[in-house]
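My entries follow in the order in which I made them.

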Amino acid sequence: MGAARIIVMGVELYGLVGIAVAVGFVTLGILRAMPHAGPVTWGARVLLFPGAMVLWPWVLRRWLAGGMA
């Protein structure tokens, strides 16, 4: 297995975990992370999805901590 294949597999794994975290965050986690934000529209959730997917380690850490401070 070449180095390029290992890198590609790492990026794929990062993306898959990112998708899973982003789906959970935009459906359930937004209100826990930002309780005083009020209702979040589906349009806002669609816009937050790509950022949550790419920045999933930060989003997951803050989500589990219970805030986005």
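Entry 1, H1 and H3. I looked up this pair in the predicted model and found that H1 and H3 pack at an angle of about 35°, with their axes 9 Å apart. Axes here are lines fitted to C-alpha atoms, for helices over the stretch in contact, and angles run from 0 to 180 degrees between N-to-C directions. Helices (H or I, at least four residues) are DSSP runs, numbered from the N terminus. I noted that H1 passes H3 in a left-handed crossing. A crossing is left-handed if the near helix is turned anticlockwise from the far one by less than a right angle, and right-handed if clockwise. From H1, the contact takes in Tyr14, Val17, Gly18, Val21, Gly24, Phe25, Gly29 and Arg32, and from H3 it takes in Trp56, Pro57, Val59, Leu60, Trp63 and Leu64. Contact means heavy atoms within 4.5 Å. I sorted the residues of the H1 contact with H3 by class: 10 are nonpolar, three polar and one charged. Ala, Val, Leu, Ile, Met, Phe, Trp, Tyr, Cys and Pro count as nonpolar, Asp, Glu, Lys and Arg as charged, and the others, Gly among them, as polar.

Residues are numbered from 1 along each chain as its sequence is written. As the model is predicted, local features need pLDDT of at least 70 and side-chain atom pairs count only at pLDDT 80 or more, while totals for chains, interfaces and linings use all residues, and side-chain values use heavy atoms, with hydrogens and water left out. The protein has a mean pLDDT (the predictor's confidence in each residue, from 0 to 100) of 88, and 96% of its residues reach 70 or more.

I then turned to H1 (residues 3-33) and H2 (residues 42-54), which pack at an angle of about 140° with axes 8 Å apart. That makes H1 oblique to H2; angles under 35 degrees count as roughly parallel, over 145 as roughly antiparallel, 65 to 115 as roughly perpendicular and the rest as oblique. The crossing of H1 past H2 is right-handed. Among the contact residues I listed Gly15, Ile19 and Ala22 of H1, and Phe49 and Met53 of H2. The contact of H1 with H2 divides into 12 nonpolar residues, three polar and one charged.

I found Ala52, Met53 and Val54 in H2 meeting Trp56, Pro57 and Val59 in H3. The contact of H2 with H3 has six nonpolar residues, no polar and no charged.

Is Phe25 buried or exposed? Phe25, in H1, counts as buried at 5% relative accessibility. Buried means under 20% relative accessible area, exposed over 50%, partly exposed in between (1.4 Å probe, protein chains only). Ile19, also placed in H1, counts as partly exposed at 38%. Met53 lies in H2 and is partly exposed at 25%. Ile19 and Met53 are 34 residues apart in sequence, yet 5.3 Å apart in space, C-alpha to C-alpha. Not counting residues up to four places away in sequence, Ile19 touches Phe49 and Met53, and Met53 touches Gly15, Gly18, Ile19 and Ala22.

How values were computed
Helices (H or I, at least four residues) and strands (E, at least two) are DSSP runs, numbered from the N terminus.
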